[in-house]
Amino acid sequence: MDITNTMIETLGIEIKEVSDQGVIAVMPVNERTRQPFGILHGGASVALAETAASIGAFHFIDQDTEICVGLEINANHIRSKKDGFVTARAVPFHKGKSTMVWDIKITDEEGQLICISRCTMAVIKKK
């Protein structure tokens with residue numbers, strides 16, 4: 001998977017682990033991911049959450065014949081963050097043939113909860 005010139009690259013997201021148990025991804029909190037008031041932008045958290053769910057879903061599909069895309073995502077922003085890093089841990093709730101549902105928790109370096117999210121991925125045939 002080439003992440004060149006994608007939102008993943010732009011936001012500085014790094015995928016640290018991909019397994020049947022889930023995905024771990026890290027993102028910096030910096031000038032690229034802050035909103036104008038100097039704290040982590042909620043949209044950046046959602047982008048991190050969907051990235052982790054997307055990478056996780058991609059792990060389970062037939063990569064030669066299928067792709068996965070976000071169908072629905074929600075997020076609750078629990079705590080603000082000014083700098084450092086946040087880590088997303090995405091775990092599959094449901095791994096179906098046409099949809100997958102992922103639970104994503106985003107925490108800071110001390111393990112404090114920053115954001116919780118649920119993302120539904122659609123699995124579709126390549127065209």
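Strands, as named in this tour, are DSSP runs of at least two E residues, numbered from the N terminus. The model is predicted.

**Stop 1: strand S6**

Select Ile-116, which lies in strand S6. Is this residue buried, or is it partly exposed? Its relative accessible area is 29%, which means that Ile-116 counts as partly exposed, because that class lies between the 20% limit for buried and the 50% limit for exposed. Next, display the surroundings of Ile-116: apart from neighbours within four places in sequence, the residue contacts Asn-74, Ala-75, Asn-76, Ile-78, Ile-104 and Lys-105. For a distance across the fold, pick the C-alpha atoms of Ile-116 and Arg-89; they are 9.8 Å from each other, although 27 residues apart along the chain.

**Stop 2: the nonpolar core**

Now turn to the largest nonpolar core, which has 30 residues. Which members touch the most other members? Select Met-27, Leu-48, Val-86, Trp-102, Ile-104, Ile-106 and Met-121. Two or more residues of this core come from each of helix H1 (7-11), strand S2 (22-29), H2, strand S4 (84-95), strand S5 (99-107) and strand S6 (113-125). H2 supplies the largest share, eight residues.

Centre the view on Ile-106. With neighbours within four places in sequence left aside, its contacts are Ser-45, Leu-48, Ala-49, Val-86, Thr-87, Ala-88, Gln-112, Leu-113, Ile-114 and Cys-115.

**Stop 3: Ser-54 in helix H2**

Proceed to Ser-54, which belongs to helix H2 (residues 42-60).

**Stop 4: the loop between S4 and S5**

Select Lys-97, located in the loop that joins S4 and S5. With a relative accessible area of 79%, Lys-97 is exposed. Its contacts, leaving aside neighbours within four places in sequence, are Glu-66 and Val-123.

**Stop 5: a nonpolar surface patch**

Finally, show the surface and select Ile-67, Val-69 and Ile-124, which make a nonpolar patch of about 200 Å². Ile-67 is found in strand S3 (residues 66-77). This residue is partly exposed, at a relative accessible area of 34%.

Terms used
Residues numbered from 1 in each chain as written. Predicted model: local features only at pLDDT ≥ 70, side-chain atom pairs only at ≥ 80, totals over all residues. Heavy atoms only, no water. Helix = DSSP H or I, 4+ residues; strand = E, 2+ residues; numbered from the N terminus. Core = buried A, V, L, I, M, F, W, Y, C linked by side-chain atoms within 4.5 Å. Buried < 20%, exposed > 50% of the residue type's maximum accessible area, 1.4 Å probe, protein only. Contact = heavy atoms within 4.5 Å. Patch = residues over 30% accessible without salt bridge, like charges linked within 9 Å, V, L, I, M, F, W, Y side chains within 5 Å. Areas by Shrake-Rupley, 256 points an atom, 1.4 Å probe, with all protein chains shown as cover. Salt bridge = Lys/Arg side-chain N within 4 Å of Asp/Glu carboxyl O.
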